[in-house]
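Please keep the coordinates open while reading.

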Amino acid sequence: MAKSKNCHALPLLLALILFFTLLGTSHAGGIAIYWGQNGNEGTLSEACATGKYTHINIAFLNKFGNGQTPEMNLAGHCNPATNSCTKFSSEIKDCQSKGIKVLLSIGGGIGSYTLASVEDARNVSTFLWNTFLGGKSSSSSRPLGDAVLDGIDFDIELGSTQNYEHLARFLKAYSGVGGKRVYLGAAPQCPIPDRFLGTALNTGLFDFVWVQFYNNPPCQYANGNITNLVSSWNRWTSTVPAGKIFLGLPADPAAAGSGFIPADTLTSEILPVIKESPKYGGVMLWSRFFDVQNGYSTSIIGSV
């Protein structure tokens, strides 16, 4: 039978249709959550069992640098000083077995931390590597037990603004050692550049940047107006070199002083716009406790 002259045209046409369909498709994202600052938010395993979160930041290591002995504060969950936080080792592994990235968040709004020099940044990176990541140390000196976390999140809101770019470089240099990647996350405020993390973010080493679009009136949602938020989002995604950028939000009106977005507004007006960016990674929520109270992630997960 003679072949049709157009027999090769159909596969090409289908390929073109698929290409342009994908080109116009918005990007699917995940939900990152902060856990650790309220003993009434449940366990890590309970959070991961919901199937709603793709990233969990354990908060916080809130004392480090400048010769201080580092300290972790997990509120009502456990006391690192008595080694009672090692119980979360198996839960961290449980979360990771579900494909969830688990990071240690350093900093926070309350604490004592600073990086006094490049050498200080190197020392802190060594401590983090040996104590929470893939380095070697005795189990008694690992507050979260022998679980190897996926990376470090920078939530820097206090102290000096210096040397965080060096900490990022030193930590990233461990990536691949032992066959495991070291992920870096950051939680800057939405004004650009962030006072504490702007220089570090410009290294391009951060995999996840969950920008805090709350407690920042110039660049957050307010009274039905999405203009400032979308404008700021567009600046972040077009000028800041990062793997994926997340829209950081309070999970409940009580979780922040300002910037809460009703779930229906987020899903109908904001997500369809910001998802057009190839750098869109999803939504970050503060925090697991408030998400339990309000069910915010349940309301938005179908649209994220």
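1. Terms first. Buried means under 20% relative accessible area, exposed over 50%, and partly exposed in between, with a 1.4 Å probe and protein chains only. At 5% relative accessibility, Cys 219 therefore counts as buried. Cys 190 is buried too, with a relative accessible area of 1%.

2. Basis. This is a predicted model, in which local features need pLDDT of at least 70 and side-chain atom pairs count only at pLDDT 80 or more, while totals for chains, interfaces and linings use all residues. Residues are numbered from 1 along each chain as its sequence is written, and side-chain values use heavy atoms, leaving out hydrogens and water.

3. Count and pairing. A search of the whole structure finds three disulfides (a disulfide is a pair of cysteine sulfur atoms within 2.5 Å). With the bonded cysteines numbered in sequence order, the pairing reads 1-4, 2-3, 5-6.

4. Cys 48 to Cys 95. The S to S distance is 2.0 Å. Cys 48 lies in helix 2 (residues 44-49) and Cys 95 in helix 3 (residues 89-97), so the link ties together parts 47 residues apart in sequence. Helices (H or I, at least four residues) and strands (E, at least two) are DSSP runs, numbered from the N terminus. The S-S torsion is about 100°, so this disulfide is right-handed. Cys 48 and Cys 95 are both buried.

5. Cys 78 to Cys 85. Their sulfur atoms sit 2.0 Å apart. The link is right-handed, with 100° about the S-S bond. Both cysteines are buried.

6. Cys 190 to Cys 219. The sulfur atoms are 2.1 Å apart. The torsion is about 85°, so this disulfide is right-handed.
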